[in-house]
Amino acid sequence: MNQAPSQYMARALALADSALGSTSPNPSVGCVIVKNGIVIGEGHTLPPGQAHAEVVALRQAGDNARGATVYVTLEPCSHYGRTPPCADALIEAGVSRVIYAIDDPDDRVAGRGAARLRQSGIEVQSGDGAAESARLLEAYLKHRRTGLPFVIVKYAATLDGRLSAGSGDSRWVSGPETLRWAHTGRTKLDAIMVGSSTVVIDNPQLTARPDGVPAQRQLLRIVADSTGRIPPTARVLDGASKTLVATTDRSPEAWRRSIAATGAEVLVGPSGPDGRVSLPALLSDLGSRGVLSLLVEGGGVLHGSFFDQRLVDKVTIVIAPMVLGAGAMAVEGRAAQYMRDAVHLRDLTVERLGEDTLYTGYPVYPTA
């Protein structure tokens, strides 16, 4: 049974969560420094090129850090990147003990940070808040282990699984509480992706606008358009954030030039067996760019492709209390022929968003 994090690790986890989405491709880490039962320093990872959590907390603690205990949500790094190693900073500060939640799977760390601390005479413990930190850093952990982004499929549907009415009208399936939740959630992610049909029908902006105000940091917007359907006047090409249009050689050259003229990047990649943009190739490209997390928001055909290819790591599904009886389905992939072929969800959580119900879980794909 998972033991709850200690008081100080819980605070470090809260600090890490507050910075989630602003630190990529670095992990969002929280750190708390304690001496004689009093917090003397705390902090979280700053945007790339700036200080890591441990250094922020050490600056606050100052000389008082000597002999203190450090709580940190990830193994301190031991390599030179944009900043010096955090393990070295802790050693130089003279702390006596470091308690961290989980090991860092990055090949440049992977136990070396803890080993360096121990070699310097610092007591090191791990495991406090491990489950909570692993969940918080699920995107970072997958990226460091596989080189690929963590894929979240999110949609709002009716009780009968529809994304829109028969006319294509989809505004709004869900209520205002769900809209606020969705825009707040976008601030913690790196990229958002839709298919060309969603752009043509709904013309979304795909930006993060908590409480209607554009967030300071915006996601990378990605449109999968295999044949060149979206117009250069689409709102997703408005310059409010960077946009990547993934296409294939099936799209006209003139269309690609018109999209590039808006300032968007046009990526011509391979086609999958279905003739559409190869999703594995696209994910590999995104991973190489340092994209840790990808939110896939429709439509149903794109959702189906991600599920069919077993590329979904997490789902967040909002169900609205209404029935349409017609319209686009939320997932339009290869139909499961038998119940044993269905995708199930593990670690399922359920919560209310106004009149809507939010289901969050992790796919378990059927065995062959």
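This is a predicted model: local features need pLDDT of at least 70, side-chain atom pairs count only at pLDDT 80 or more; totals for chains, interfaces and linings use all residues.
Student: Where is Ser-28 found, and which residues is Ser-28 in contact with?
Tutor: Ser-28 sits in the loop between α1 (7-19) and β1 (30-35), where helices (H or I, at least four residues) and strands (E, at least two) are DSSP runs numbered from the N terminus. Beyond its neighbours within four places in sequence, Ser-28 has contacts (heavy atoms within 4.5 Å) with residues including Thr-45, Thr-73, Leu-136 and Leu-137.

Student: How do you know that the side chain of Ser-28 has a polar atom lying by the backbone oxygen of Ala-16?
Tutor: The distance from that oxygen to a polar atom of the Ser-28 side chain is 2.5 Å. The backbone nitrogen of Leu-20 lies 3.3 Å from a polar atom of the Ser-28 side chain. Leu-20 is also one of the residues nearest the centre of the second largest pocket.

Student: What makes up the lining of that second largest pocket?
Tutor: By class, 16 lining residues are nonpolar, eleven polar and twelve charged. The lining has 39 residues, with Glu-138, Lys-188, Leu-189 and Lys-314 among those nearest the centre. Helix α7 (residues 176-186) gives the largest share, five residues.

Student: Why do the side chains of Lys-142 and Asp-313 count as a salt bridge?
Tutor: A salt bridge is a side-chain nitrogen of Lys or Arg within 4 Å of a carboxyl oxygen of Asp or Glu. Lys-142 and Asp-313 meet at 2.7 Å, N to O, and qualify. The pair joins distant parts of the chain, 171 residues apart: Lys-142 belongs to helix α6 (residues 138-146), Asp-313 to the loop between α11 (300-308) and β12 (314-319). With a relative accessible area of 18%, Lys-142 is buried.

Student: How many salt bridges does the rule give, and which residues are linked in a network?
Tutor: The count comes to 19. Arg-135, Glu-138, Lys-314, Arg-346 and Asp-347 form the network.

Student: What makes Glu-253 and Arg-256 about one helical turn apart?
Tutor: They are three residues apart in helix α9 (residues 253-260), which means a separation of about one helical turn. Arg-256 has a relative accessible area of 14%, so it is buried, whereas Glu-253 at 45% is partly exposed.

Student: How do you know that Glu-265 and Arg-289 form a salt bridge?
Tutor: Their side chains meet at 2.8 Å, N to O. This pair links strand β10 (residues 265-268), which holds Glu-265, to Arg-289 in the loop between α10 (279-288) and β11 (293-296), 24 residues apart. Glu-265 has 35% relative accessible area, so it counts as partly exposed; Arg-289, at 37%, is partly exposed.

Student: Why does Pro-231 count as partly exposed?
Tutor: Its relative accessibility is 33%, so Pro-231 falls in the partly exposed class. Pro-231 lies in the loop between β8 (220-224) and β9 (243-247) and touches Leu-237 and Ile-259, not counting residues up to four places away in sequence.

Key:
Residues are numbered from 1 along each chain as its sequence is written. Side-chain values use heavy atoms; hydrogens and water are left out. A polar contact is a pair of N or O atoms within 3.5 Å; within protein, one must be able to donate a hydrogen and the other to accept it, and residues adjacent in sequence count only if both atoms are side-chain atoms. On a 1 Å grid over the protein atoms alone, a cavity is a set of points where a 1.4 Å probe fits but cannot get out, and a pocket is an open set with protein on both sides within 12 Å along at least five of seven lines; lining residues have an atom within 4 Å of a point. Ala, Val, Leu, Ile, Met, Phe, Trp, Tyr, Cys and Pro count as nonpolar, Asp, Glu, Lys and Arg as charged, and the others, Gly among them, as polar. Buried means under 20% relative accessible area, exposed over 50%, partly exposed in between (1.4 Å probe, protein chains only).
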